[in-house]
Amino acid sequence: MRKRIKPSHQWVILLAALLALFALLAGQVHVHERVEVIYQEILVRVFDGGKPVPGLRNEDFVLHEEGRPVKVAYCRELRRSLARPEVDAGITAAKPKPRLFLFMFWLNEESREWPKAWDYFAREIYRPGDRIVLSDASRAVEVRSLEGEKEKVDAFFVDLAEDLEQKQLSKNRLVSDLQRSASEFYDDLVAYNGMKAPPPEDPLLERFKASYLGALNEYRLERLKGDPAWLERLAAALKAVEAEKWALLFLQNERLPLLHRDSRLLRDAPMSQDTITKLKRFMDETERQVKLGSDVTSYLRDLRPLFVGANTTYHVFLSDAAGEMRSNEDLQWQPVFSSWEGAFRQISADTGGRVSNTTRLGEALRQAAEKEDIYYVLTFEPGPGEDRRRRLQIEMKRPGLKAVFSRKLELGEVFPLKIQALEWREGKLTVSLADYQRTYGDAGLKGRLRVGVRAHVRGGDPLAVEKEILAGEPAVDVEMALHFPEPGSYQVHVEVQDLLTGNRATAEKEIAVLPPPVSAPVPEPEVDAPPLPEELEPVMARAADYCRRLKEAAFRFYCLEKVEERVLERNPLTKRTEPVERRWEYDYQIIGAGGTISEHRRLVREGTRKMDKANATLETRFSSHYSVFMPVTLLAMENRESYAYRLAGRDRIGRSRCVVVEVTPLRAGGVGIAQGRAWIDERDGSVLKIEMNPRGVVGAEELEKAAKASQARMLLEVTHQYFVVRGGLRFPSMTMFREAYVLEKVVTEKSHEMVGGDLNGSGMIITLPQLEGRRREIEFYRLRQDYGKYRFFEVDSSVEIKQP
């Protein structure tokens with residue numbers, strides 16, 4: 001037989017076990033060893049009528065520290081749910097953050113619904129690598145693998161079932177004690193009534209009240225009374241764990257057997273009217289005291305911010321204990337308010353969780369898994385002073401919003417950020433960094449750094465290069481390509497900012513730029529490559545130099561991208577093929593350096609609706625990637641062995657005189673190889689426009705074959721325009737794609753022409769409308785992308801253009 005633990009000691013033992021487990025979990029991630037306090041973070045949840053508010057920025061928060069206004073240096077919005085991993089709006093990658101699940105079983109009896117909830121968790125929510133802590137009122141067990149530690153899980157639930165049996169026996173004893181108190185009071189009243197001179201009834205009433213209330217209070221202290229100190233230590237233990245944390249509390253609604261108005265005692269016992277009045281008043285006061293459960297309410301103001309700061313989302317699942325509804329002639333089961341229930345209801349609301357009151361626990365967990373938790377991490381610089389404890393206050397500028405946060409902050413250990421070394425080699429400056437803050441996003445544990453390099457150029461504009469990176473390791477080397485105009489000695493200034501904390505570090509280095517070595521002669525093209533036409537040699541030499549500068553340039557800009565798509569679609573109501581138009585607007589970012597390029601989009605409008613969707617992708621059938629580097633693909637020196645070039649004519653675009661060069665791939669059947677015409681500025685070799693034919697579009701060959709099989713001819717027109725000029729380089733102003741089909745034979749009304757194929761992986765089937773006539777051209781698809789409102793932050797390596 002197992003040794004029983006006194007209920008008054010169970011919470012102490014459970015908390016000790018939880019603290020030990022959480023300490024181990026916290027140590028498994030990483031340990032901070034810095035002590036310099038520069039920037040601090042505070043976690044905030046914002047609600048509007050109980051609903052979380054997304055899309056807030058730095059300027060939406062008003063932060064005070066010890067009554068003094070403090071500027072919010074950085075604001076991060078994070079979202080998560082049980083069904084999806086945590087996402088940081090500023091980080092895009094795929095590695096999920098470690099997750100910790102704390103299961104808390106505060107049950108009174110066995111439940112048939114609980115296994116359904118556990119099965120749903122194991123099947124739909126759990127993933128390998130998750131940590132699970134199973135706990136009840138007396139024990140806590142850590143589970144690292146549901147498959148590998150099945151015996152440990154089964155043993156926990158066996159012990160839980162035994163404890164529930166003991167709880168039922170405890171409640172049965174309570175029922176017996178209360179029933180005995182009522183029966184003894186009844187018997188005493190009957191005996192008093194048989195006396196010739198009965199004594200006063202007050203002593204009998206007081207003895208009953210002491211016995212009845214004593215049994216109830218003993219049970220309430222063991223099972224219903226909340227312990228604020230216990231909750232405070234639990235929040236502190238969870239805060240130390242570096243993970244995505246979830247607490248799932250399964251709590252059965254409490255019911256107690258209370259003396260009721262229609263009991264035998266009030267109905268049949270011989271007592272005076274004065275005693276009846278006093279007894280009813282005692283019953284009302286006892287019922288109010290038991291049902292109120294105010295032990296923790298007065299502490300909630302301090303407890304709520306602690307749990308918010310621990311960044312653990314609490315989902316509470318309330319259910320009824322079916323076996324506690326039997327009443328007798330004196331006692332009736334009535335719902336009572338548990339202080340634990342009241343505390344965790346409020347904690348769940350403040351931490352973005354959900355409270356369910358149902359016996360269908362499996363369905364309740366599914367609904368909780370879909371609920372999204374949104375919160376913010378604010379970074380700020382604390383004010384001067386040696387006191388590490390600071391009082392904070394956060395207000396929202398927008399009326400009606402409510403912020404929940406930890407009002408007391410202990411200044412923690414923050415990384416000071418260090419530039420460990422600067423090394424110049426082969427045209428690149430390597431900046432070695434360490435001691436920056438890292439935090440978890442969907443990219444895993446990452447730091448966010450901005451590295452800027454400036455150098456004074458004699459007789460010219462300062463050279464300025466800037467780069468933003470994600471750093472997963474505790475230290476990182478960042479390479480910065482610097483293109484100095486001539487040999488000599490240059491003083492380089494480096495400034496690095498930790499974007500998570502706002503910390504900055506600077507360093508300087510003198511760089512000696514040596515004359516470049518004598519270039520080796522360009523090898524002659526292979527035999528199968530035709531020689532460059534003599535009339536094209538001057539302009540193609542300038543184009544090659546332009547492509548070299550474009551490829552080696554460092555640039556970063558934002559612009560507004562307007563996308564219009566028109567496609568023929570079959571109307572399901574009229575059965576007719578009709579044009580359908582769609583429109584989108586994106587904030588479009590391009591970052592290029594060292595021959596590589598990356599692009600990012602944020603959807604700001606879809607049709608007439610305003611949107612705010614980060615890391616958006618084009619939802620169009622056709623998409624053109626990296627249009628800015630298309631001239632390099634066609635005209636760069638290193639690619640010329642793959643093409644034949646021919647003078648196609650001369651043209652004028654605006655004030656620029658252009659040579660039109662036709663570019664044809666040499667390899668037959670070179671699917672996906674760019675092919676078309678380029679308009680090259682005679683003066684500087686820059687490219688103003690490119691028109692591509694089908695071989696330059698990925699997937700076009702399959703569409704062309706399908707069109708021929710349908711006795712149609714496909715027409716594809718792809719146009720790129722580069723009318724935006726910065727730093728001697730041209731950037732896209734418009735991209736247009738047009739897809740049409742020419743029917744060369746008579747098409748009757750009964751014909752059903754089908755063209756099937758894959759364009760850019762879309763796998764779409766094209767249905768041509770039924771037409772009559774000869775050589776009818778049908779425009780099936782048109783896409784136009786316009787780029788405007790450019791905001792340049794950096795163009796080339798020798799020009800700095802600030803945002804207007």
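Is R79 buried, exposed or partly exposed? Select R79: this residue is partly exposed, with a relative accessible area of 30%. The cut-offs are under 20% for buried, over 50% for exposed and in between for partly exposed, with a 1.4 Å probe and protein chains only.

The model is predicted, so local features need pLDDT of at least 70, side-chain atom pairs count only at pLDDT 80 or more, and totals for chains, interfaces and linings use all residues. Residues are numbered from 1 along each chain as its sequence is written, and side-chain values use heavy atoms, leaving out hydrogens and water.

Stop 1: The term means a side-chain nitrogen of Lys or Arg within 4 Å of a carboxyl oxygen of Asp or Glu. E77 is buried, at 14% relative accessible area.

**Stop 2: R99 and D130.** Both residues are buried. Their side chains meet in a salt bridge, 2.7 Å from N to O. R99 lies in strand β7 (residues 99-106) and D130 in the loop between α2 (114-125) and β8 (131-135), so the pair ties together parts 31 residues apart in sequence. Helices (H or I, at least four residues) and strands (E, at least two) are DSSP runs, numbered from the N terminus.

**Stop 3: R267 and D268.** Here the salt bridge spans 3.4 Å, N to O. R267 is partly exposed at 46% relative accessibility. D268 is also partly exposed, at 41%.

**Stop 4: a network.** Select R566, E717, R738, E779 and R782. Salt bridges link these residues in a network.

To finish, show every salt bridge: the count is 44.
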